[in-house]
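Here is a guided walk through one protein model, with the structure open beside the text. Please keep the viewer at hand and follow along from stop to stop.

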Amino acid sequence: FNPDDRSVQIHSCHSPMREVEVLYDNLLALLERLEGLTPRDIVVMTPEIESYAPYISTVFEGRQDHVRKIPFSIADRTLTSEGEIAAVVLKLINLPGSRLTVPQLFDILEATPVSRRFDLEDDELETIRNWLVQTRVRWGMDERDRERLGLPGYRDNSWQAGLDRLLLGYAMPDDGGSLFNGKLPYDEMEGSSPRTLGKLVEFICRIAEFAGKMARPRTLGEWRDELRMMLGEFIAADDDSARELSAIAGVVEEIGELEGQAGFTERVELGVLRSWLSARLAQEEKGLGFMTGGVTFCAMLPMRSIPFRVVALIGMNDGAFPRQSRPPGFDLIARNPRRGDRSLRDEDRYLFLESILSARDSLYLSYVGQSIRDNSEIPPSVLVSEFLDAIDRGFTAGEGGKIADLLVTRHRLQAFSREYFDGGSTLFSYSQENCAALLDKRKNPWEPAEFLVTEIAPPSAEWRDVPLPKLLRFFDNPARFLLENRLGIRLEDIATPLEEREPFSVEGLDSYGMKQEILEICLNGGDVQGFLPVARCRGVLPPARHGEALFAAAAKEVSAFAGNLREKIGDSGPLAPVDIELELGVFRLTGRLDRIWPDRMIRYRCARIKAKDRMRSWIEHLLLNAARADGYPRETLLFMADGTKTFSPVDNAAGILQTILALYWEGLMKPLRFFPASAMAYAHKQEWDLERARKRWAEGYNFPGEGEDPYYRLCFGQIDPFNAEFERVARTLLEPLLQHQV
């Protein structure tokens with residue numbers, strides 16, 4: 001056996017993805033080594049083409065080096081696996097009898113053939129998604145739809161309830177939560193929103209009509225007519241999908257032909273049609289991808305093995321090939337086998353032999369032979385083992401070695417392993433990106449670094465005119481303010497999945513928002529119970545008595561809070577809001593302060609106190625004291641659900657504000673090391689303990705720390721944020737606050 005003979009190659013990898021990555025590099029090597037070899041001379045077969053197709057597309061389409069990009073095509077894919085229209089058709093025929101949930105219908109709407117049919121752009125789909133979230137649509141067309149499912153007939157959180165709000169919002173504004181005919185307008189309709197709303201209403205109306213019609217049994221001819229109508233109403237094909245639509249239309253026509261061929265005119269239930277159509281589309285192939293001029297990827301099928309210069313077989317795993325025959329329990333042929341019966345295992349053995357004989361220059365085999373968890377060895381297909389045994393019987397490796405040790409190449413877990421780029425290794429890779437990354441790592445070892453090493457240019461002079469809301473927003477999160485307002489970097493939150501269940505409790509921001517509105521009603525002497533229909537129309541409350549009970553509990557809690565707050569306010573009414581304009585050195589600070597009573601300015605929220613509340617109240621307190629408006633107090637009360645904080649009069653308020661504005665200006669050129677919650681923990685009882693700050697920054701599993709904020713992670717995630725700079729900023733801001741906090 002000649003060790004340099006590479007006509008037979010066997011590769012053991014850790015995963016299907018690594019199999020395809022290794023295949024790509026080895027095909028490049030074969031294209032270089034074999035004279036006159038072109039991509040069309042190579043066929044790659046696998047027993048599981050559907051499983052490997054995503055990895056093939058990722059590796060062969062994702063290469064950035066266009067010089068070494070290998071053209072390819074994937075054959076033998078079925079419509080249900082690759083077709084975009086077939087997937088929509090199957091989702092549509094599964095709608096009748098279902099709950100018609102928001103994820104279910106929005107998934108259909110954002111499918112390309114459907115959104116094309118209703119002329120919806122990506123930004124319109126995003127708008128519709130926001131509407132569904134904010135109007136809290138969950139499932140069911142209306143109350144009658146829920147009654148048909150044997151549930152109470154309530155309209156809350158249904159499609160009709162959401163559409164009523166959206167349509168009413170187009171007709172009239174939301175006038176302070178006023179209801180019209182028991183419905184609450186949605187108050188964010190502007191620009192092109194009405195046009196988008198019209199498209200959504202058309203889609204939902206068609207879905208409701210379609211789901212209702214499809215529920216009753218029909219003859220096969222009637223089913224064909226309904227499916228024809230469904231394709232016309234919901235599907236629009238382009239040049240790329242026209243062939244698929246034609247194939248599906250052909251399958252639909254078969255339904256009517258079956259009626260004539262079988263002479264069966266009885267009515268058929270929808271479940272039977274679903275089963276037949278799903279199985280039929282799973283068999284229908286796109287009919288594209290075989291021998292198109294590039295490397296051909298295909299399934300291992302009988303009579304498929306046309307001679308190629310290079311034949312590659314991937315996915316030759318134990319248990320996957322030869323495939324196991326699992327006949328159903330009622331198969332009498334399998335129960336009483338006879339000579340000549342079809343054997344899937346024997347057919348696969350013949351396919352393997354046929355594939356070997358089809359290779360003219362090179363035979364390539366690969367399988368998952370190493371565990372991705374512990375690197376333990378996994379045996380290949382029994383056919384690969386028998387193939388190695390046959391070679392071992394005909395050839396010798398010399399010095400008592402085994403042929404398998406020379407033919408089988410065991411690869412590393414990662415494509416960027418150093419051994420692929422080491423000249424002394426038998427492993428190799430053509431990836432320039434991985435090579436460049438390894439070289440850069442060797443020359444420049446990674447070290448923790450700040451997001452901004454040097455300050456950015458100072459902003460223009462207009463930034464020295466500081467409105468109070470901007471200053472408060474800055475100290476809520478200085479890193480976020482800098483990234484969004486100076487660098488234009490917005491870290492979008494990951495879109496949460498659409499909720500499909502109506503609420504069973506009121507939590508988080510929903511609970512806080514509802515309590516704040518109830519609080520304002522209580523303080524203004526309004527009717528709290530009159531707010532119950534508004535909260536129900538918003539979809540915040542669970543349906544029926546449970547929602548009423550939760551609302552009553554929230555109202556009771558807020559009423560107690562409001563009673564305690566009234567004791568602090570007293571009998572006198574609030575003073576008029578005061579507009580303040582201060583010249584503080586090179587800065588000009590402007591703002592309006594309200595909720596001021598003769599004795600004190602009061603800031604309140606029916607929630608637990610946070611560091612941001614204390615910081616905001618302190619800055620507003622300084623502004624009130626620096627203005628020294630006639631007839632206005634100089635004390636501030638922060639009244640929260642879990643306690644109060646009082647700030648006493650400040651004599652040098654203007655000087656402290658100048659210091660705060662200087663830090664604000666500093667934070668416009670680099671990330672300011674001020675984190676409200678961690679800084680408050682650091683300053684607790686004026687102990688100035690950095691360990692407290694680090695604990696608040698990290699917290700535990702159930703209580704995410706302040707360092708989990710994405711803007712803090714971007715600016716300070718690689719370094720220790722608690723250095724002398726943090727201590728300087730925290731002491732500068734919080735020492736005066738603590739000195740004047742009662």
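Are Phe722 and Phe726 buried or exposed? Before you turn the view, bear in mind that this is a predicted model. In it, Phe722 is buried, and Phe726 is buried as well.

Let us stay with these two rings for a moment. A pair of aromatic rings is described by the distance of the centres and the angle of the planes. For Phe722 and Phe726, the centres are 4.9 Å apart and the planes stand at 85° to each other. An angle over 60 degrees counts as edge-to-face, and the pair formed by Phe722 and Phe726 is therefore described as edge-to-face. Both residues also belong to one aromatic cluster, together with Phe675, Tyr682, Trp688, Trp697, Tyr712 and Phe716. Across the structure there are 30 aromatic pairs.

Now move to the helices. Helix 11 spans residues 220–234 and helix 12 spans residues 242–262. Their axes are 7 Å apart, and the packing angle is about 160°. Angles over 145 degrees count as roughly antiparallel, so helix 11 and helix 12 are roughly antiparallel to each other. The crossing of helix 11 and helix 12 is left-handed. On the side of helix 11, the contact is made by Leu220, Gly221, Trp223, Arg224, Leu227, Arg228 and Leu231. Helix 12 contributes Leu245, Ile248, Ala249, Val252, Glu253, Ile255, Gly256, Leu258 and Glu259. Sorted by class, this contact of helix 11 with helix 12 holds ten nonpolar, two polar and four charged residues.

Helix 11 has another partner to look at. Helix 10, residues 193–213, packs against helix 11 at an angle of about 170°, with 12 Å between the axes. That angle makes helix 10 roughly antiparallel to helix 11. Here Phe203, Arg206, Ile207, Phe210 and Lys213 of helix 10 meet Glu226, Met229, Met230, Glu233 and Phe234 of helix 11. The contact of helix 10 with helix 11 is made up of six nonpolar and four charged residues, with no polar ones.

Next come a few spots where the backbone deserves a look. Most residues other than glycine have a negative phi, and most peptide bonds are trans. Asp119, which is not a glycine, has a positive phi of about 55°. You will find Asp119 in the loop between helix 6 (112–117) and helix 7 (122–134). Arg628, also not a glycine, has a positive phi of about 50°. This arginine, Arg628, sits in the loop between helix 24 (611–627) and strand 12 (636–640). Arg628 counts as partly exposed because its relative accessibility is 45%. For the peptide bond, go to Phe321 and Pro322, which are joined by a cis bond with omega at about -5°. Pro322 lies in the loop between strand 5 (308–313) and helix 14 (332–335).

Val506 is located between helix 20 (478–485) and helix 21 (508–523). With a relative accessible area of 17%, Val506 is buried, since buried means under 20%. Which residues does Val506 touch, not counting those up to four places away in sequence? They are Ser511, Met514, Val540, Leu541, Pro542 and Leu550. By contrast, look for Pro39: its C-alpha atom is separated from that of Val506 by 61 Å, and the two residues are 467 residues apart along the chain.

Key. Residues numbered from 1 in each chain as written. Predicted model: local features only at pLDDT ≥ 70, side-chain atom pairs only at ≥ 80, totals over all residues. Heavy atoms only, no water. Axes fitted to C-alpha atoms, helices over the stretch in contact; angles between N-to-C directions. Helix = DSSP H or I, 4+ residues; strand = E, 2+ residues; numbered from the N terminus. Parallel < 35°, antiparallel > 145°, perpendicular 65-115°, else oblique. Left-handed = near helix turned anticlockwise from the far one by under 90°. Contact = heavy atoms within 4.5 Å. Nonpolar A, V, L, I, M, F, W, Y, C, P; charged D, E, K, R; others polar. Phe/Tyr/Trp six-rings, centres within 6.5 Å; stacked < 30°, edge-to-face > 60°. Buried < 20%, exposed > 50% of the residue type's maximum accessible area, 1.4 Å probe, protein only.
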